[in-house]
Amino acid sequence: MPDKIRVIIIDDESLARDLVRKYLEGIPGVEVAGECANGFEALKMVQDLKPDLLFLDIQMPKIDGFELLEVLDPKPQIIFTTAFDQYAIRAFEMNAVDYLLKPFSKERLEQALEKARKLLSDKYGQSDKSGPLDNLQQQIEDDKKQLERVITRMGSKITVIPVEKIWYLESADDYVMIHSELGNHLKEKTMKYFEEHLPNDQFVRIHRSHILNISYIAGIELYEKDTHLISLKSGDKLRASAEGYKRLKERL
Amino acid sequence: MIMRTDRQIIRNLKDHLELVYILMWVVLGAIHFFLLFSGYGVNARAAIADSIVFNALFALIGAGLWNMVRYSDLQTRKLGELAFYHLSGATVTIFAWLGIGYLILNNILEQDFYYHVFLKDTLSFRIVTGVMFYALLVTIYYLLINFRELKEKSQREAKLTGLLKEAELNMLRSQIRPHFLFNSLNSISALTMTDPARAQEMVIKLSEFMRYTLNLPDSMMSTLEKELHHVELYLDIEKVRFSDRLIFEKSIEPGSETWKLPVMILQPLIENSVKYGVYESSDPTRISLEARVDDGVLDIRVGNTYDPEAITKKGTGTGLKNIQGRLLNLYGTSTLMKIKSSENYFEVHLRIPKYAR
């Protein structure tokens with residue numbers, strides 16, 4: 001256990017960051033390593049500074065706190081700070097240390113910090129590499145919210161892909177390759193996850209390894225028995241299985 | 001004035017319906033007696049008995065008809081059905097009326113020979129009278145029922161309008177979304193440590209802002225000046241939270257401040273601008289408000305820049321629909337709100353006429 005907990009504060013409102021920093025100033029054993037106002041900066045800062053703990057706001061421009069958490073690697077301990085109480089369940093499902101409802105008192109923050117301190121020392125004591133957030137992926141998949149955008153990360157660069165700009169998805173081992181107007185991006189998710197969470201009036205799984213955005217279809221032709229070849233406006237050609245073709249026909 | 005007395009008479013009539021009914025038959029009975037006595041030369045005793053027996057009988061049967069009419073709703077029954085219903089109703093009524101009447105009168109005026117002849121001779125005339133009475137009564141009953149239904153309907157509608165207004169008020173109040181309040185309180189909490197004077201200023205602004213939404217005028221109308229003040233309070237508070245990320249520009253033509261407009265019509269528009277502009281962009285968002293009087297109409301434009309790359313969670317458009325609905329209700333036309341949207345700019349254009357309808 002290091003002698004100091006290193007903290008990054010992420011909130012798009014500067015006064016909200018000030019408040020957390022002021023509260024933390026008087027508490028021994030805590031060091032504010034950095035502050036940032038949006039998810040893009042936050043990713044880079046977390047990668048550079050490798051903090052132990054994040055104070056993370058949920059509603060922020062462009063990518064929200066949950067979406068940031070999805071692409072963070074490594075994942076520090078998280079204390080959410082937000083004025084929305086409807087996200088509490090989701091936050092705890094993500095194994096957040098605590099969930100502070102704005103406005104909160106210094107005592108409430110100290111309580112949360114104490115929990116984090118305990119979790120951190122347990123983690124170091126057992127030299128257990130797997131953080132409490134490692135099963136995060138699975139839990140996000142349980143969330144039944146329909147996707148409006150997909151957040152991907154390449155190194156320290158985040159790309160936000162609106163679902164309507166996705167051409168098709170292709171399975172790639174443990175990842176899914178997202179082919180879109182913005183280029184090709186890998187995402188650590190399952191095809192099943194995307195099949196369930198992409199708007200199903202727009203996306204169809206035409207094959208074990210392909211999910212297609214029907215608004216980019218340019219043409220369909222019979223390839224061989226039970227297989228159709230679907231050409232996209234992007235120039236790509238995808239094969240549809242018999243069952244996939246049936247699903248596609250229902251949707252069109 | 002005349003209207004009022006008419007209504008009063010109708011109300012009094014309705015309160016003493018039974019009395020009116022009895023009175024009507026007394027008058028009819030008197031006319032009946034008078035006709036027999038001086039018109040047909042029937043002796044006084046027989047004329048009185050004839051008048052009392054036939055009128056009292058019809059009054060009794062007629063009272064029963066009320067129930068029959070009540071359950072034969074004009075709107076739900078077919079015409080043929082209704083005709084058959086009343087044809088048989090009239091037949092039974094007249095048969096019972098004359099049958100019982102003749103039986104009684106034949107018995108009590110046994111000795112009066114002339115009267116017996118008179119009774120016999122006037123049978124066809126009495127049948128015609130009976131049919132007329134029947135038709136008259138049924139018509140009056142239907143009118144009465146109709147009148148009652150109309151009144152109930154207007155009462156229901158008045159109640160509904162009241163409920164609607166209440167719902168509208170609640171809707172307007174709840175638009176001050178709780179997270180705005182909690183985030184503002186969080187900012188105040190921070191300012192108490194760093195800048196108590198500003199914290200105090202913000203508390204006062206927030207209070208004034210809340211008070212306005214709690215004391216909306218009954219008329220639901222306000223002036224541009226008041227609405228503007230309210231909106232600026234809101235923006236001042238948001239500006240404390242977002243500082244440089246929010247830029248507000250207004251251009252108000254002198255003379256337009258006194259113009260009347262629906263209360264809380266600008267607030268949702270500005271809130272939308274903050275929600276889809278400021279909340280979703282890390283760069284400064286420009287919110288503009290222009291107002292001028294043009295061609296006898298107050299012309300208002302509320303606009304905001306927005307980040308084209310922000311994939312905003314799509315709104316449901318209820319806020320704008322509500323405004324459209326309120327304008328339609330008040331001014332009777334749906335052409336008063338227009339929306340303009342370009343790649344990075346969104347604008348709502350309102351035209352507020354001088355008078356509500």
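Is Leu35(B) buried, partly exposed or exposed, and why does it get that label?

Author: Keep in mind as you look that this is a predicted model. Leu35(B) counts as partly exposed, because its relative accessible area is 46%, and that label covers the values between the under 20% of a buried residue and the over 50% of an exposed one.

To find Leu35(B) on screen, go to helix 2 of chain B, which covers residues 17-39. Leu35(B) belongs to a nonpolar patch on the surface, along with Leu23(B), Val27(B) and Ile31(B). For another landmark, try Ser51(B): in sequence Leu35(B) and Ser51(B) are 16 residues apart, and in space their C-alpha atoms are 9.7 Å apart.

Now zoom out to the whole of chain B. Its secondary structure comes to 11 helices and 7 strands. Of the 357 residues in chain B, 39% are buried. Chain B exposes about 20700 Å², and 63% of that comes from carbon and sulfur atoms. As for how the chain folds back on itself, take the contacts between residues at least 6 apart in sequence: 74% of these join residues at least 24 apart.

In general, strands of a sheet pair through backbone hydrogen bonds, in either a parallel or an antiparallel way. Here you have an open sheet of 3 strands in chain A, in the order 13-14-15, and the pairing is antiparallel. Strand 13 (217-224) and strand 15 (237-240) of chain A are the edge strands; each has a single partner strand, so one side of each has no neighbour in the sheet. From one strand to the next, the twist averages 25°.

Look next at where strand 14 (residues 227-232) of chain A meets strand 15 of chain A: 4 bridges join the two, and they run antiparallel. One pair to click on is His228(A) with its bridge partner in strand 15 of chain A, Ala240(A). A helix packs on this sheet as well, namely helix 8 (residues 242-251) of chain A, which touches strand 13, strand 14 and strand 15 of that chain. The direction of helix 8 makes about 145° with that of strand 13 of chain A.

Methods:
Residues numbered from 1 in each chain as written. Chains lettered and ligands numbered in written order. Predicted model: local features only at pLDDT ≥ 70, side-chain atom pairs only at ≥ 80, totals over all residues. Heavy atoms only, no water. Patch = residues over 30% accessible without salt bridge, like charges linked within 9 Å, V, L, I, M, F, W, Y side chains within 5 Å. Areas by Shrake-Rupley, 256 points an atom, 1.4 Å probe, with all protein chains shown as cover. Salt bridge = Lys/Arg side-chain N within 4 Å of Asp/Glu carboxyl O. Buried < 20%, exposed > 50% of the residue type's maximum accessible area, 1.4 Å probe, protein only. Pairing = 2+ DSSP bridges. Axes fitted to C-alpha atoms, helices over the stretch in contact; angles between N-to-C directions. Contact = heavy atoms within 4.5 Å.
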